[in-house]
Amino acid sequence: MRQVADNLISNAIKYGREGGSVQLAVYGDDVASYLLVRDDGIGLSPDDQNRLFRRFFRARTDVGGTGLGLAICRDIVRAHGGEIIVGSEQGVGSAFLVRLPAKVDVMLPPIDPEEALDMSGAVTTAGRSDMEATG
């Protein structure tokens, strides 16, 4: 999971805007644990969002990378029984949410990305408001 967090944070910095911000939150409940990484960077088109977790896909070729990081993140998260989703809007930024089961051998109910990630700033998953868990 350290590799997942490192990659998401590194991408948020790499694709962020000059003088922008990266927000992190970690929180949980009896069902799941969550990691949220949000930036106010360049954002992604809907087409790019659909291909983002494919091996070797790169939304931008002017920024270094192999296009493997997010595919590896997805595989690691799935290996732990979780899921990773993205919400993004061009010119506004991106938010990545990792959700993992709070208990071993517990299947998570499906997550609705539009309900979980709202690019206007609210994180509605698990009833948390925007960055509430960061104090």
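Student: Which residues does N11 touch, not counting those up to four places away in sequence?
Tutor: G16 and L70. Contact means heavy atoms within 4.5 Å. This is a predicted model: local features need pLDDT of at least 70, side-chain atom pairs count only at pLDDT 80 or more, and totals for chains, interfaces and linings use all residues. Residues are numbered from 1 along each chain as its sequence is written, and side-chain values use heavy atoms, with hydrogens and water left out.

Student: Why is N11 called buried?
Tutor: Buried means under 20% relative accessible area, exposed over 50%, partly exposed in between (1.4 Å probe, protein chains only). N11 has 16% relative accessibility, so N11 counts as buried. Its place is in helix α1; helices (H or I, at least four residues) and strands (E, at least two) are DSSP runs, numbered from the N terminus.

Student: What makes β2 and β4 a pair?
Tutor: Two strands pair if DSSP finds at least two bridges between them. Eight bridges join β2 to β4, and the two run antiparallel. In β4, R99 is the bridge partner of Y34.

Student: Why do β1 and β3 count as edges?
Tutor: The open sheet has four strands in the order β1-β2-β4-β3, with antiparallel pairing. β1 (22-28) and β3 each have a single partner strand, so one side of each lacks a neighbour in the sheet.

Student: Where does α1 pack?
Tutor: On the sheet, touching β1, β2, β3 and β4.

Methods: Axes fitted to C-alpha atoms, helices over the stretch in contact; angles between N-to-C directions.
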